[in-house]
Amino acid sequence: MPKTSPELALLPTDPHVRDVAFDLYGEVADAPIISPHGHVDPGILLRDEPFTDPAELLITKDHYVTRLLFASGVPLAELGVGPDAAADPREIWRALAANWHRFAGTASAYWLGYELRTLFDISDEPSADNSDDLYDRISARLHESSFRPRALFDRFAIEVLATTDDPLDDLAAHAALAADPSFTGRVLPTFRPDAYLDPEADGFGDRVQRLIETTGQPTSFAGYLQALRTRRAHFVGHGAVSADHGVYEPYTTDLDPIAAQTLFQAARTGRLDAAGAREFRGHMLYQMAKMSVDDGLVMTIHSGVRRNHHRPTFAAFGPDTGHDIPVRTSYTENLRPLLESFGTAPGLHIVLFTVDETSFSREIAPLAGFYPSLYIGAPWWFLDAPDAITRFRSAVTETAGFYRSSGFIDDTRAFLSIPARHDVSRRVDASFLARLVTEGRVSLPTARRIARDLVDAIPREVFKL
Amino acid sequence: MPKTSPELALLPTDPHVRDVAFDLYGEVADAPIISPHGHVDPGILLRDEPFTDPAELLITKDHYVTRLLFASGVPLAELGVGPDAAADPREIWRALAANWHRFAGTASAYWLGYELRTLFDISDEPSADNSDDLYDRISARLHESSFRPRALFDRFAIEVLATTDDPLDDLAAHAALAADPSFTGRVLPTFRPDAYLDPEADGFGDRVQRLIETTGQPTSFAGYLQALRTRRAHFVGHGAVSADHGVYEPYTTDLDPIAAQTLFQAARTGRLDAAGAREFRGHMLYQMAKMSVDDGLVMTIHSGVRRNHHRPTFAAFGPDTGHDIPVRTSYTENLRPLLESFGTAPGLHIVLFTVDETSFSREIAPLAGFYPSLYIGAPWWFLDAPDAITRFRSAVTETAGFYRSSGFIDDTRAFLSIPARHDVSRRVDASFLARLVTEGRVSLPTARRIARDLVDAIPREVFKL
Amino acid sequence: MPKTSPELALLPTDPHVRDVAFDLYGEVADAPIISPHGHVDPGILLRDEPFTDPAELLITKDHYVTRLLFASGVPLAELGVGPDAAADPREIWRALAANWHRFAGTASAYWLGYELRTLFDISDEPSADNSDDLYDRISARLHESSFRPRALFDRFAIEVLATTDDPLDDLAAHAALAADPSFTGRVLPTFRPDAYLDPEADGFGDRVQRLIETTGQPTSFAGYLQALRTRRAHFVGHGAVSADHGVYEPYTTDLDPIAAQTLFQAARTGRLDAAGAREFRGHMLYQMAKMSVDDGLVMTIHSGVRRNHHRPTFAAFGPDTGHDIPVRTSYTENLRPLLESFGTAPGLHIVLFTVDETSFSREIAPLAGFYPSLYIGAPWWFLDAPDAITRFRSAVTETAGFYRSSGFIDDTRAFLSIPARHDVSRRVDASFLARLVTEGRVSLPTARRIARDLVDAIPREVFKL
């Protein structure tokens with residue numbers, strides 16, 4: 001085998017370990033993709049229209065990329081970000097090409113390089129010199145029918161793709177896709193109620209009012225809970241398997257109905273202080289677990305991010321523009337009320353995601369090593385990268401093994417990056433397992449089984465697929 | 001040398017580094033075991049009765065094992081855990097065998113594999129297929145006289161074994177062992193006063209009353225301190241070298257005698273609020289350091305664990321049932337009052353243990369790199385595993401070297417796992433040292449000296465043996 | 001190539017990766033040293049007198065060394081530390097030699113070994129046996145003219161050296177050096193105003209009064225700000241490029257002028273409580289950023305250290321005596337007020353340093369991956385060591401690449417250790433890059449460019465040199 005080639009990318013350099021890793025990777029290299037949590041718009045599969053241009057496809061919608069270009073001095077507006085963006089896509093592409101060396105070593109550079117190589121037969125590194133040439137070569141491909149979203153969905157061998165959706169979404173796109181005989185993929189909605197549970201979210205009162213009215217409930221805490229239950233049932237009816245919760249902290253608390261009703265009335269009328277808002281959010285996360293016990297939706301918790309850190313950028317360009325910044329996160333005490341009530345409830349599945357990697361060995365693995373309901377979420381966001389995934393496996397495996405982890409989650413809105421991300425995960429897991437094999441800690445047959453289960457049996461079990 | 005064999009387990013895969021590691025490991029592979037902190041019941045050595053069955057020996061008493069089986073769906077009662085457990089040991093063993101792949105990569109799997117191989121000549125991985133066969137093979141051995149506890153104690157080459165004991169324990173088992181001419185091992189008690197120092201512990205008031213009455217002291221804070229001193233002296237008289245402190249946080253504070261007396265009276269009568277209880281605990285940890293200055297007992301501090309996280313399980317099955325979960329831990333500010341008073345006191349030894357590995361490089365190594373009294377405790381509990389030990393050495397050595405660390409502590413109640421745990425530590429330390437040698441950071445002769453000192457001179461110095 | 005030699009020190013052991021690392025290291029091994037932040041006294045270059053003796057040169061002034069000797073049982077006074085120290089330098093050297101094994105694996109041992117080898121042709125490890133011989137060999141060299149500070153400055157190929165200075169320093173030493181035709185090096189002052197910004201610093205009121213009087217300002221908050229601006233201008237006039245801020249926490253806040261004036265008056269008269277002092281410090285860090293926007297001084301923030309942890313030692317021996325201990329540090333919420341106001345201001349450069357390595361992947365890299373003003377500071381203090389630097393690159397690169405990091409900062413008061421420290425950084429960065437190259441994540445040409453930029457273009461850009 002050659003010393004460095006795309007085939008061997010991310011595998012260990014030690015020849016003996018690399019051979020084992022290559023063997024294990026071979027078990028799963030071509031396995032179908034199960035993507036139980038992500039942010040792809042189902043409409044692109046429903047409409048199946050060609051992608052517009054290389055910038056829209058690879059840059060503008062990917063805040064991993066625009067953020068680092070912005071930090072490097074390129075204004076967001078020149079990257080096509082924001083409501084009034086009118087940048088020339090060729091110029092956007094040039095900005096990336098000229099700054100390509102600034103991405104060296106990042107996960108984004110690896111994913112983009114993988115996409116250029118596997119989809120567009122481009123192995124040159126982008127640069128100011130070849131920028132226009134690459135742009136033209138990519139553009140030409142985008143008009144081929146094999147580059148339509150559905151063709152790529154098949155080519156990527158995506159077996160299940162979950163989207164993320166507003167509780168009041170009618171899920172018409174999902175229904176139409178499911179009813180379309182020419183599309184055989186499985187595209188599932190995910191219930192994401194954050195904006196209806198956080199009294200400090202912009203427009204909370206109006207949104208809750210709409211939720212209550214849409215479902216024909218009375219304006220009370222009980223009516224609000226029933227409205228949420230109704231919408232969850234709507235999602236379950238359209239194939240949803242999970243509900244997703246993006247919270248600042250994983251604080252939970254059980255409140256008596258009168259206290260909850262009082263907080264609810266203050267919340268919906270905008271009269272709740274910060275401490276009250278925290279109690280309300282903590283109680284609603286508790287209530288969501290209770291509903292999951294009843295309706296079976298897997299509960300995913302993504303916590304520990306200060307969203308929209310730079311308010312002036314948020315005001316001008318909106319959310320998801322690159323300045324959501326992690327904070328320290330603690331699970332042990334915060335989740336205790338929820339887990340004391342529901343942690344051993346039959347059938348409940350909760351997947352914990354973090355961007356504070358200190359919690360992997362300290363809290364998440366010990367918790368998932370006891371509570372049957374808890375699973376260790378795959379490394380999320382800033383941690384979805386080769387070295388971080390390696391640290392993750394090292395941090396959790398010695399306490400909880402492989403079978404308390406969730407399997408890989410791409411969590412992406414960049415459709416084209418899905419195969420790249422899953423391939424990275426498979427390579428890194430194979431490398432980690434190969435080290436355990438060569439260090440005499442796991443037998444090769446068991447490692448092969450684990451490698452396969454991590455991309456198949458485990459996500460199916462965790463997400464009830 | 002073959003590429004993978006039990007002999008080379010856990011050693012680096014790079015052939016050049018592995019040769020150095022194998023050399024260093026050879027220095028200590030057969031060295032006697034010094035175990036200055038653990039939880040083995042001295043009665044098993046006193047009575048020297050055969051172990052009952054494989055489940056009792058390897059599963060039921062090991063909450064590292066039962067916890068992951070519980071998380072995997074096996075009820076605790078079916079694992080023989082709890083006061084009313086009446087499970088068939090063969091069924092318990094079957095539960096482990098059928099779930100063996102779920103332990104792959106964990107420290108427990110490595111230890112159990114080591115025990116099966118070295119004690120029972122079993123190198124097959126347990127599985128549903130071979131479960132009964134393995135059970136029978138282990139059972140047969142347990143009746144041989146060479147598998148009695150004392151025979152194993154000799155075979156394991158245990159030179160010193162410390163137990164952990166209640167302050168009111170009469171230490172009769174220790175006295176009997178010491179007086180028994182047919183047993184030449186050194187088995188030392190350890191003073192563990194947590195339940196007498198924490199006003200929030202169940203039954204605190206009654207327990208303190210018993211302490212005071214037993215020692216003939218007046219019911220006052222001064223009498224309480226004197227009672228503790230008296231019992232420490234009893235332990236010293238029976239060979240104890242250390243006092244162990246398991247605290248939620250390492251908070252310390254000095255209080256004036258009147259404030260302490262006031263808190264004491266409220267504490268023993270159950271009238272102390274949470275803030276007061278914290279002050280009382282913080283002051284008692286401070287007082288324990290003061291007593292250690294006087295009587296010379298080494299102070300070990302194990303902090304940062306929320307014990308009995310799931311109260312329903314605690315209520316049904318008792319403590320040490322797998323749901324003690326770590327929390328974030330800070331030492332710098334919390335220990336400052338204690339260290340300002342006693343940190344440079346001649347002869348005081350304090351060993352800091354943590355399950356929050358972020359504190360290794362940030363706090364514990366810098367503290368132990370200055371205070372002559374402070375030693376860095378070996379990786380504890382969830383961190384007592386090959387990768388975690390490697391991270392530990394990497395985190396502390398560059399700041400504090402090897403000689404401010406404590407030497408290995410097995411901290412186990414699983415008697416059979418003692419050699420496995422020490423062997424892992426010796427292999428991982430040899431591997432870490434071998435990397436420093438091959439990277440030109442430590443000379444080979446110095447590395448050899450360090451390898452030997454880590455299992456001999458260092459624990460003897462730290463624990464005053 | 002031989003398997004272990006000083007030439008290959010710190011490079012990866014895998015032969016293939018090592019070859020790439022050796023190639024990359026070759027790009028920068030002899031590059032000039034840019035040292036934009038440190039604590040060397042400019043007077044030693046101005047006076048250019050011989051160093052007194054080996055102890056003064058290598059031990060007494062280096063609190064990394066004296067601290068670990070103190071922890072090992074050597075009293076500080078016997079190490080020549082403190083105002084009344086009168087220890088025999090030969091005895092001090094003997095203390096280090098006899099305890100040399102206790103430094104094995106530390107950064108200090110590596111630096112000292114490098115200095116002994118490259119400057120004094122000593123490759124033996126110090127020990128009790130050879131202590132006097134080594135002392136004599138070093139002493140002999142110190143009288144050679146090639147060991148004068150200026151000759152070493154040239155030999156070290158130091159292109160830029162920044163010192164750290166009190167705001168009221170007249171900077172006469174810097175001016176004299178700049179005016180000296182026989183010295184062609186660039187030695188820059190750095191504005192370090194901590195003691196004038198922290199109401200809890202000893203002598204704060206008097207110091208602020210002197211600042212205000214020296215600059216002819218009125219005793220008001222506005223006058224105080226103007227006084228600081230005036231002194232910053234004085235530093236800019238003497239070539240300063242940065243202002244350094246050593247804070248306990250990176251808390252920032254914007255206050256209205258009346259609130260600020262009220263706090264200021266309470267602060268300078270010693271009537272501010274702890275909460276008020278925190279607000280004042282937080283507002284002054286905010287004001288410093290504002291001034292940096294105006295005058296262009298790069299802002300370096302070194303936060304998260306409890307200075308002078310052991311007050312009895314501080315009282316007897318003064319500051320910088322080895323017991324500054326890190327604490328947990330958070331940037332995301334603390335810096336938000338500052339960043340919302342100035343984070344995207346043109347020309348502002350802020351470099352964040354930490355001794356809490358958990359913040360690298362969680363906060364610092366994500367922040368620097370968005371804000372154009374923010375750079376990731378090189379691993380600082382306890383983290384300036386081979387393994388810690390490797391962990392640092394692994395933690396930040398996947399999120400923010402190499403070009404959002406600051407380049408190496410030695411931050412030392414040990415003049416002789418400057419080349420050793422920069423060499424370590426170059427070797428470790430080359431090793432990290434070599435792994436990315438061999439894992440197919442960065443091309444070799446790009447890695448070569450990055451290696452060069454890390455020691456040249458990047459520090460020049462970040463520090464506006």
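How many residues does the contact take from chain A and from chain C? It takes 47 residues from chain A and 47 residues from chain C. The legends below take this predicted model view by view.

**How to read the views.** This is a predicted model, in which local features need pLDDT of at least 70, side-chain atom pairs count only at pLDDT 80 or more, and totals for chains, interfaces and linings use all residues. Residues are numbered from 1 along each chain as its sequence is written, chains are lettered from A and ligands numbered from 1 in the order in which they are written, and side-chain values use heavy atoms, with hydrogens and water left out.

View 1. Contact means heavy atoms within 4.5 Å. Chain A and chain C bury about 4000 Å² between them. Carbon and sulfur atoms carry 52% of that area. Buried area is the accessible area (1.4 Å probe) that two parts lose on being put together, summed over both. His309(A), Arg328(A) and Asp387(A) supply 16% of the area that chain A buries against chain C, more than any other three residues.

**View 2. The copies are superposed by rotation.** A rotation of 120° with 0.0 Å of shift along its axis puts chain A on chain C, at an RMSD of 0.0 Å. The contact surfaces are different: 6% of the contact residues of chain A recur in chain C. Chain C is superposed on chain B by a rotation of 120°, again with 0.0 Å of shift along the axis and RMSD 0.0 Å. These two copies are thus related as by a three-fold rotation axis. Only 6% of the interface residues of chain C are also interface residues in chain B, so the copies meet through different surfaces.

View 3. The domain assignment, which is automatic or from a database, gives domain 1 (51-146) and domain 2 (149-462) of chain A. The contact takes 23 residues from domain 1 of chain A and 26 residues from domain 2 of chain A. About 2200 Å² is buried between the two domains, 67% of it from carbon and sulfur atoms. His63(A), Trp111(A) and Leu119(A) lose the most area in domain 1 of chain A, together 28% of what that side buries.

**View 4. Helix α1 of chain B.** This helix (residues 15-28) has 14 residues. Helices are DSSP runs (H or I, at least four residues), numbered from the N terminus. From first C-alpha to last, α1(B) reaches 20 Å, close to the 20 Å expected at 1.5 Å a residue; the expected span is 1.5 Å times one less than the number of residues. At the helix start, a side-chain oxygen of Asp14(B) comes within 3.0 Å of the backbone nitrogen of His16(B). Among the buried residues are Val17(B), Ala21(B), Leu24(B) and Val28(B). Buried means under 20% relative accessible area (1.4 Å probe, protein chains only). The buried residues of α1(B) pack against α19 (418-438) and α20 (444-455) of chain B.

**View 5. Tyr25(A) in its helix.** Tyr25(A) lies in helix α1 (residues 15-28) of chain A. Its relative accessible area is 9%, so Tyr25(A) is buried. Not counting residues up to four places away in sequence, Tyr25(A) touches Asp423(A), Arg426(A), Arg427(A) and Ala430(A).

**View 6. Thr66(C) in its helix.** Thr66(C) sits in helix α4 (residues 63-71) of chain C. Thr66(C) counts as buried because its relative accessibility is 2%. Beyond neighbours within four places in sequence, its contacts include Ile59(C), Leu76(C) and Val81(C).

Methods. Copies are superposed by least squares on the C-alpha atoms of residues with pLDDT of at least 70 in both. Helices (H or I, at least four residues) and strands (E, at least two) are DSSP runs, numbered from the N terminus. Buried means under 20% relative accessible area, exposed over 50%, partly exposed in between (1.4 Å probe, protein chains only). A polar contact is a pair of N or O atoms within 3.5 Å; within protein, one must be able to donate a hydrogen and the other to accept it, and residues adjacent in sequence count only if both atoms are side-chain atoms.
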